[in-house]
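Open your viewer and keep the selection tool ready. This tour tells you what to pick next and what to look for there.

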Amino acid sequence: MPHDYFNQELPLEAKRSFIFLSLLLALLFNLLPLQGIMLLLRPDFVSITLLYWSIHYPQRIGMSLAFMAGLAMDVSNSSMLGQHALAYCVITFFGMILHRRLRLFNSFQQAPQIFWILLIAQFAIFLTGLLGGSYFPTWYYFFPSVTGALLWPVISFLLGIPQKPKSDPNEL
């Protein structure tokens, strides 16, 4: 089915305050005290949020914000300093270089590509942890990439709501 690009509505510009608020909420979701299977399946909300903003508004987000979000995650998670910062910079890098391609697809079609980007970032966390001398995780360490890709359409829809234009531009 061909896309109708000419009748597609242009999204409104994202406010920086909304981007910071969404990242702060994502950080709080990452810090929820979960146990058992819920902890294994919990996606990295900060990485998904960073990926969304780097795909949809790459001019509004940069490597420095991703690095700072990663340092905040490292400090709050008591992990090796710079571990998440490197992974979030990798996510932002891939989001920025692939943003034109990914925006051609709807969020359901983007999900498999999002899975690979999240998996690469988790592999970066795994490698830095391994080089830092942490334990060797089991194979279900990579579950959050799967759940993150499955949650991508929902999170993409929720973060895109404030950027949707009004249905009638002449309406007051």
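Are helix 3 and helix 5 roughly parallel or roughly antiparallel to each other? Select both and look along them. They are roughly parallel, where angles under 35 degrees count as roughly parallel, over 145 as roughly antiparallel, 65 to 115 as roughly perpendicular and the rest as oblique. Helices here are DSSP runs (H or I, at least four residues), numbered from the N terminus.

Before the next stop, two notes on the model. This is a predicted model, in which local features need pLDDT of at least 70, side-chain atom pairs count only at pLDDT 80 or more, and totals for chains, interfaces and linings use all residues. Residues are numbered from 1 along each chain as its sequence is written, and side-chain values use heavy atoms, with hydrogens and water left out.

**Stop 1: helix 3 and helix 5**

Two packed helices are described by the angle between their axes and the distance between the axes. For helix 3 and helix 5, the axes come within 8 Å and cross at roughly 30°. Axes are lines fitted to C-alpha atoms, for helices over the stretch in contact, and angles run from 0 to 180 degrees between N-to-C directions. The crossing of helix 3 and helix 5 is right-handed. That word has a rule: a crossing is right-handed if the near helix is turned clockwise from the far one by less than a right angle, and left-handed if anticlockwise.

Now show side chains. On helix 3, pick Val46, Ser47, Leu50, Leu51, Ser54 and Ile55; on helix 5, pick Tyr88, Ile91, Thr92, Gly95 and Met96. These residues make the contact, meaning heavy atoms within 4.5 Å. By class, the contact of helix 3 with helix 5 has seven nonpolar, four polar and no charged residues. Ala, Val, Leu, Ile, Met, Phe, Trp, Tyr, Cys and Pro count as nonpolar, Asp, Glu, Lys and Arg as charged, and the others, Gly among them, as polar.

**Stop 2: Tyr88**

Stay on Tyr88 and display its surroundings. Which residues does Tyr88 touch, not counting residues up to four places away in sequence? They are Asn30, Asp44, Val46, Ser47, Leu50, Ala66, Ala69, Gly70 and Met73.

**Stop 3: helix 1 against helix 3**

From helix 1, select Phe18, Ile19, Ser22, Leu23, Ala26, Leu27, Phe29 and Asn30; from helix 3, select Phe45, Val46, Thr49, Leu50 and Trp53. This contact of helix 1 with helix 3 divides into ten nonpolar, three polar and no charged residues.

**Stop 4: the largest nonpolar core**

Which residues touch the most other members of the largest nonpolar core? Select Val46, Leu50, Leu51, Trp53, Tyr88, Ile91 and Trp152, out of 31 residues in this core. A nonpolar core is a set of buried Ala, Val, Leu, Ile, Met, Phe, Trp, Tyr and Cys residues joined through side-chain atoms within 4.5 Å. Buried means under 20% relative accessible area, exposed over 50%, partly exposed in between (1.4 Å probe, protein chains only). Helices 1, 3, 4, 5, 7 and 8 each supply at least two residues of this core. Helix 3 gives the largest share, eight residues.

**Stop 5: helix 7 and helix 8**

Move to helix 7 and helix 8. They pack at an angle of about 140°, with their axes 8 Å apart. These two helices are therefore oblique to each other. Helix 7 passes helix 8 in a right-handed crossing.

Zoom in on Ser145 in helix 8. Is Ser145 buried or exposed? Ser145 is buried, with a relative accessible area of 1%. Leaving out residues up to four places away in sequence, Ser145 touches Phe115, Leu118, Leu119 and Gln122.

**Stop 6: Ser78 and Met63**

Select Ser78, in the loop between helix 4 and helix 5. Ser78 is exposed, at 68% relative accessible area. Its phi is positive, about 55°, although Ser78 is not a glycine.

Finish at Met63 in helix 4. Met63 is partly exposed, with a relative accessible area of 34%. Beyond its neighbours within four places in sequence, Met63 is in contact with Cys89, Thr92 and Phe93. Draw a C-alpha to C-alpha line from Met63 to Phe93: the two are 30 residues apart in sequence and 7.4 Å apart in space.
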